[in-house]
Every structure is written in structure tokens, then in C-alpha cells.
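Let's take a walk through this one, strand by strand and core by core. Have a look at the sequence and the fold first, then read on.

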Amino acid sequence: MSKELLSRLGSDDVHDSIVCYSSPAAIRRLLSRRREVIDLRAALQNGSLTDDELRRHVVELMHGFRPGQRFDGDVELAALAVAIERRSTDFAEEFFHDLASLKLRELSMSIGIARLILHARQDLAKNESRVIKLGEPAHQSKSFSQPNGRGRVYAMARNAKKFKWGAM
Amino acid sequence: MPELEYFLVAESISVDQETNRVSIFNVLEELQADSLPFVYPSLIAISSWNLAKDELGGDFQVMLRVNSPAQESPFDYPINLSRERRRRHRIYHRLIGPSFHAFGDLKFEVLLNGEHRASHIISLIQSDDKDPQG
Amino acid sequence: MFEALKLLGSSEKSIALQTRVGRDIANLIELEPGYQQVKAYERLLERHGAKWRIRKPPTGIYNCAGHVWASRRTSILDPREWQKIIADDGYRPLGDGESPMPDDIVAYVDRKSAEIIHLARIIFLADGLAGSKLKIPWAASKWNSTAGETCHSIFDAPYDLGDHDIRYLTDRPL
């Protein structure tokens, strides 16, 4: 079921819906109204499709990449980007950062859309956490005046990344 | 400087992965204990910060400061805002198994780059004494 | 993710392109269409192109804006760059009572977002219905950066005219 949902993103119908549009903004708008994208979002929401399955699918899709040739999976990747554009998971963060940072005209459509979405995700609240266990050494406060940009906090922030979102 | 939208201490939270909406459960204002020391399973301090455009990607540190009546000096738990260009940052400090050694007010403070921004007080009272102040 | 692709570095190619007042225009020389794009374009012709005149088969390099403003040398993908060109190069919308002429630009505008989604150059004015003095503008379109070039009546475009407006831009003085 999930494989079918994912493969529909690259269907002829999806390709046909954007064939006479060239701006990433217009293509993003069109893709967001597609049934295939809406169904994928619903599957992610109800848990019948997981981030791990998305990740595996992307890895498999990218096997078709050939330098110097238009990537056949460009539209599918763009549609996936639109489907997860508001998703606040580690996978989504990594997906958008990594895709938007590429400079490859072989997949210019999905990269253009990823960059747009990354900019729009500025409005998406960033969740950052720190877990403090009983007995863990903490700073015993003296007067605190300067921001501490690096150091110990980053060790704790890395621990916090292991946190699973959901009920805490 | 980033603006604080809200600061609360609660029992638990949940973040919806699809919508990124946060739900806060059981805001803590008063805890009752029969005796001391009193160990609470976990609590979470949530602060939400809004950044202006020119602050995106800046270096800011949020500090949770816990003042307990039994402690001479408070405890500080810093966390740096991620440098990602996001307008809103939610910071969660989850304290697992905090133990309290005196009745009275537990004051949770949130500071930004060392400056006090807000407080949240949880009163720890003895079970058969509703109003320790008389 | 995309680790292997990161190692490839950059394959993006662009040219030096500026507006009349010297503002840089971001552009990208697109690759030739692949199998999927060619097939999608063939299906487009089947669905919409009965009355179109085909000028060129599917080709890469340029999109509609690159066709109109960069002599087919490159693609200009961002509508914000299109607005830069419109502002700096002296374009204006046609006034009331003004009729389009060859070499004016037809813009298809999404009504909801007010964004231009396609541009084409008007190439001639065809006779209208018998007895009518109104001429019908025909345009040369490159639908996107993998499509071919076709000549068509401006009213015979693959956009729902219920959701889109047709507007004209000209550099002719008032």
C-alpha cells in the first residue's frame, strides 16, 4: 500500500499536471492540490506510512540518477517534498536541508522546490529539547552575563536529539 | 532580542509530527506531598521564542533556572537556540525525577542571554496543610 | 541523504544576464529533456495541441521567460526575476482601449496568487470571426524548460481560463 502511494507520485498524471509550468512556486502549488500528494500526507498522518519508508524510497529512487542526464525521478522527488513540507521530523529536516543544498541541474525542479519550502519552513516552529536526569551535574548559578555559544550545552543538545517526538 | 511568547511548567507535552502543533498537559501550579524529600516523576518547562527577521540564525542562549527553598543557589540548565533560520523556537527542558527537600515555592525562571524573562512558580505544600502561609 | 550527489559538486550552469539597469538575473541553463519529459510533452500535444503549429521539438536550455527575454540562451525560473525585468526594462500593461501588437508579451496570470505562470511573445494578429474587426493574437510559446516550441492563439493555451487571466505587457511608449 505504501509502495503504491509513493510510486503514484511519479505517475504520468502528475507529470502531465505540471508539463506547462516552469516556476517552482507554480509547480509547488499545483502539486499540493494533487490527490497523490494529499493521500500521501494522510498516510503519514495516520501512521500507515513512516519516515523510514520514505527514506528507503528516496534512496532507491536516487539509484536512477545519472550525471549529465535529466533525472527521471525529479517530479516524484518534487511531489514528495511538497507532501512533507510542513512535517517536523528529523527526516524532513534532513531531506530539505540536503536537497536544497545540492547544485545539480539534473534535478533542478525538486531542488528549486526544496529551496522554496526551506525558506517557508522558517515559519515552522523549531523544537529543541534538553533532558536533565536527577543527579546530573548542572551549573550552580553565579551571576550569568554572557551567552555561552559553544561547549557543554552542545553535548546536552546532542543527547536531546535522541528524543522521540510525541508524548514526552 | 527574541521575544518570549510563553513560559510554562507542565507535566507533559506532545508535538504533532504532521502539524507541528504542541499540546501541553497539566500545567503545574501546586504539588502536594506527605513528607520530604519529595520526588516528582518528571516535569517539563516550555518556552516559546519569536525571532525578528534580523535575528534569524543568531546566537542566543535560553537558560532554565530552578530556585528551590532548600537550595542556597539555584541550578541553571542552558540550551542554545539552533542557528537554523526559524522564526519560532520552542525550548523544552525536561527534568526527570526532580527531588524537593523543602516545602514552599519552587521558582522556575527562564533567561535569555542571561537576562530574566519570565517565572513560573510551583508551590509544594504539605498534604494536610492547604495554606502554609496561614 | 543524497551523500553521493553532494560529492558531485555543482553542475549548474548560467550566463551573465542583467536587466537594462544592470541588476543581475538568476538563470539556469537546463538539460535536454529525458524520456519522461518528452512523453509528457507528447501527451500535452495530444490533449491541447490540435490547432497548434509546432515550431520545434522538445528541447532543454530555456523556458518561457528565457525564450522571451534571453534569446533562448537560458532559463529564468523565478517569477521574482521576471518582475525585475518587467520593472527595469520599461514594460507596462496595455491601457484600456489599447490592442496588442506583434512583439508585445502575453502573460498568463494565476488569479488566486496573482502570479505570472507563463509568458510568450505575440508573433502575429490573425483575422477574427467573419465580420468581426477584432484580431486574435497568436503567440510563440515554450511551455517549460523541457517542452518544444509551438505557435498558438493566445486563447488556445493549456490553462483553465476560468482560473487564469490573460494580460499583455508592452515596451511601447504610451
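This is a predicted model: local features need pLDDT of at least 70, side-chain atom pairs count only at pLDDT 80 or more; totals for chains, interfaces and linings use all residues.

Strand β1(A) runs parallel to strand β8 (residues 88–96) of chain B, and the two pair over eight bridges.

As a quick reminder, strands of a sheet pair through backbone hydrogen bonds, either parallel or antiparallel.

## The sheet in chain C

Chain C has an open sheet too, this one with seven strands and antiparallel pairing. Reading across, the order is β1-β6-β5-β4-β3-β7-β2 (chain C). Its edge strands are β1 (53–56) and β2 (92–93) of chain C, and each pairs on one side only.

Zoom in on β3 (residues 105–110) and β4 (residues 116–127) of chain C: they pair in the antiparallel sense over five bridges. Within that pairing, Tyr108(C) stands opposite His118(C) in β4(C).

## What chain A is made of

So what does chain A look like overall, and how many helices and strands are there in it? The tally is nine helices and two strands.

Of the 168 residues in chain A, 42% count as buried. Take the contacts in chain A between residues at least 6 apart in sequence: 71% of these join residues at least 24 apart.

Which residues have the most contacts inside the largest nonpolar core? They are Ala78(A), Ala79(A), Ala81(A), Ile113(A) and Leu119(C), in a core of 75 residues. Helix α6 (residues 74–83) of chain A supplies the largest share of this core, with eight residues.

Leaving out residues up to four places away in sequence, Ala78(A) touches Ile27(A), Leu31(A), Met109(A), Ser110(A) and Ile113(A). There is also a second, separate core of 28 residues, which includes Ile132(A), Ile13(B), Ile46(B) and Val66(B).

Methods. Residues are numbered from 1 along each chain as its sequence is written. Chains are lettered from A and ligands numbered from 1 in the order in which they are written. Two strands pair if DSSP finds at least two bridges between them. Helices (H or I, at least four residues) and strands (E, at least two) are DSSP runs, numbered from the N terminus. A residue is buried if 20 or more other C-beta atoms lie within 10 Å of its own, exposed if 12 or fewer, and partly exposed in between; C-beta atoms are placed from the backbone. Two residues are in contact if their C-beta atoms, placed from the backbone, lie within 7 Å. A nonpolar core is a set of buried Ala, Val, Leu, Ile, Met, Phe, Trp, Tyr and Cys residues joined through C-beta atoms within 7 Å.
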